Amino acid sequence: MAGSAAQRGFWASRFGFILAAAGSAVGLGNIWKFPYVTGNNGGGLFVVIYLICVVAVGLPIMNAEILVGRTTARSPVPAFGELAGRRSPWVGTGWLGALAGFVILSFYSVVAGWAVYYAFVSITQGFGSGTAAELAQVKTLFAGLIKKPSLNLVLHGVFMTATVAVVIGGVQAGIERWSRILMPTLFTMLIGLAIYAMTLPGAGAALDFMFGLHTEQLQPAGFLEAMGQAFFSLSLGMGAMLTYGSYLPKDTSVFKSALYVAGLDTFVALISSVVIFPVTFSYGIEPSAGPGLVFQSLPMAFSQMPGGRVLASLFFSLLVFAALTSSISLLEVVASTFIDLYGWTRKQAVVLMGLVTFVVGVPSALSFSVPAFGERFKGLVGKSFFDSMDDLSANWMLPLGGLLIAVYVGFFMESSRRQKEFEEGTPPWAYPPWLALLRFISPIAVALVMLKSTGVLKLLGIAS
Ligand code: PHE
C-alpha cells in the first residue's frame with residue numbers, strides 16, 4: 001500500500017494541501033454563484049442560514065471526507081471499497097461522487113468559459129471609460145455573449161482543454177504549483193476591490209441587503225439552496241476533499257486543515273458579495289439578476305475606476321484561474337477513479353473523461369441560445385438544461401453524497417480506527433464534538449431539508 005501511495009503522489013507540505021484544497025473550494029461557487037443565489041433569495045437571512053450550514057453541516061463532513069482520504073490514500077470508490085468491503089453498497093457513495101463530478105464540471109466549464117471571455121475582452125479592449133453610452137454597452141455585453149451558441153461552445157472547449165492540460169501534470173507538478181501562486185494574488189485583489197466598493201454610493205444599501213435580516217424575502221426553497229450552496233462551495237459530497245485528502249501525509253491534522261479551508265472559502269464568498277452588491281446597488285442592477293450578476297456588475301465598476309482596465313484584466317484572469325483550481329479537482333476525482341480502479345494511465349483517464357465531460361456540457365453551453373435546451377426544456381422540466389444540471393448536482397447529489405459520507409463515518413466506520421486517525425495530528429478534545437455533529441446534526445439537517453423540499457414532510461403531515 002505504501003508503494004501505491006507513493007506512486008499516486010503526495011503534497012509537498014501541509015501548506016500545499018491547504019492551498020490546493022482551498023483552491024478547489026474557492027472558485028466560481030464563491031465569486032459567481034454565492035452572490036447571485038444570495039441576491040435571488042433576498043439577502044441577509046439567506047446568508048445567516050448559509051453560515052449555519054457551513055458550520056453545522058459542512059465542516060463535520062469536510063473532516064470526514066479528508067479523514068477517509070488520508071486513511072485509505074485512495075480515490076472515493078476504492079476508498080469505500082477498502083473501508084467497507086469491495087462489494088458493500090457504500091461503494092456506491094464513491095460512484096455517486098464521480099457522477100456528480102461529471103455533472104458539475106459539465107456546466108461549471110460553461111461559466112468558466114464566460115470568465116475566459118471577460119478576461120479576453122478586458123485585456124484586448126477594456127470596458128470603456130465610464131461614459132453613459134459605454135456603461136449601457138457594458139450592461140448588455142453578457143446578454144450578447146450567452147446568445148451566441150458557437151462562441152459558448154468554443155469557450156467551453158477552451159476551458160475544458162486547460163483543465164485537462166493541468167490535470168495531466170499530476171498532483172504536485174500541476175495542481176499544487178498553480179494554487180501556490182495564484183490563490184494569494186486573488187485574495188489580495190478581492191480585498192482591494194472590497195475597499196473600493198465601500199466608497200461607492202450603494203455601499204450602505206448593499207450592506208443592509210447582505211447583513212440585515214429581511215425575513216419576508218426568503219422563500220422556503222431558500223433552505224435547500226443555502227445547503228446546496230454550502231456543499232457546492234466547500235467542494236463537499238462528491239469526494240473532491242476525500243481525493244485531495246488521499247494525497248495528505250499522515251501526520252497532518254485533518255481538523256485544522258478543514259478549518260482553514262472552510263474559513264478561507266467562507267471569507268471569499270462573503271468578500272465577493274461585499275464587492276459585488278455595492279456595485280449593483282450603485283448602478284441600478286437588480287440583485288436578483290441571476291447568473292449574469294457578477295459579469296454585469298463588475299465591468300461597470302471597472303469602467304469607472306482609475307486603472308480599471310488593468311484591474312479588470314487582472315481580476316477576470318484570476319477568476320479564470322480560481323475556476324481552474326476548482327475544475328481540476330472535479331476532473332481529478334473522475335480521472336483518479338479510473339486510474340485507481342482500472343489501471344488506466346493518468347493521460348488516458350484525463351483525456352477521455354475530459355472529452356466526455358465536454359460533450360455532456362454541450363447542452364448547458366447552448367441553454368441560453370438554443371430553445372430546445374433553454375425555453376423549451378424549461379417548459380418540460382421547469383428549468384433550463386443548465387439550471388437543471390446545477391440544481392441536480394448542487395442541491396441533490398452533493399447533499400445526498402455528504403449525508404452518506406456522514407452516516408458511514410459516523411456510524412459504520414470501525415470506531416477505534418476512526419478515533420485514532422482523527423486524533424493523528426489533532427488534539428483529542430476535538431473528537432467528541434466532531435463526532436456528535438457528524439452523527440446527529442449534519443445528516444439530520446441534510447435529510448430534513450431534502451425531505452422538506454421533495455414534499456415528503458408535507459405528505460406525512462409534519463410540515464406545511
Ligand atoms: N467549490 C467549487 C467552487 O466553489 C466547485 C466545486 C464543487 C469543486 C464540488 C469541486 C467539487 O467553485
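Is phenylalanine 412 buried or exposed? Select phenylalanine 412: at 51% relative accessibility the residue counts as exposed, where exposed means over 50% relative accessible area, buried under 20%, and partly exposed in between (1.4 Å probe, protein chains only). Phenylalanine 412 sits in helix H18; helices (H or I, at least four residues) are DSSP runs numbered from the N terminus.

Before going on, some conventions. The model is predicted, so local features need pLDDT of at least 70 and side-chain atom pairs count only at pLDDT 80 or more, while totals for chains, interfaces and linings use all residues. Residues are numbered from 1 along each chain as its sequence is written, and side-chain values use heavy atoms, with hydrogens and water left out.

**Stop 1: the nonpolar patch**

H20 supplies the largest share, five residues.

**Stop 2: glutamate 421 and its partners**

Next, select glutamate 421 and arginine 70, whose side chains meet in a salt bridge at 3.3 Å, N to O. A salt bridge here is a side-chain nitrogen of Lys or Arg within 4 Å of a carboxyl oxygen of Asp or Glu. The pair links distant parts of the chain, with glutamate 421 in helix H19 (residues 415–423) and arginine 70 in helix H4 (residues 44–72), 351 residues apart. Glutamate 421 is buried, with a relative accessible area of 6%; arginine 70 is also buried, at 2%.

Lysine 250 lies in the loop between helix H12 (240–245) and helix H13 (254–282), 171 residues from glutamate 421. Lysine 250 is partly exposed, with a relative accessible area of 37%. Shared partners join Arg70, Lys250 and Glu421 into one network of salt bridges.

**Stop 3: glutamate 82 and arginine 74**

Finally, select glutamate 82 and arginine 74, a salt bridge whose closest N and O atoms are 3.9 Å apart. Glutamate 82 counts as partly exposed at 33% relative accessibility, and arginine 74 counts as partly exposed at 24%. The count of salt bridges comes to seven.

How values were computed: Helices (H or I, at least four residues) and strands (E, at least two) are DSSP runs, numbered from the N terminus.
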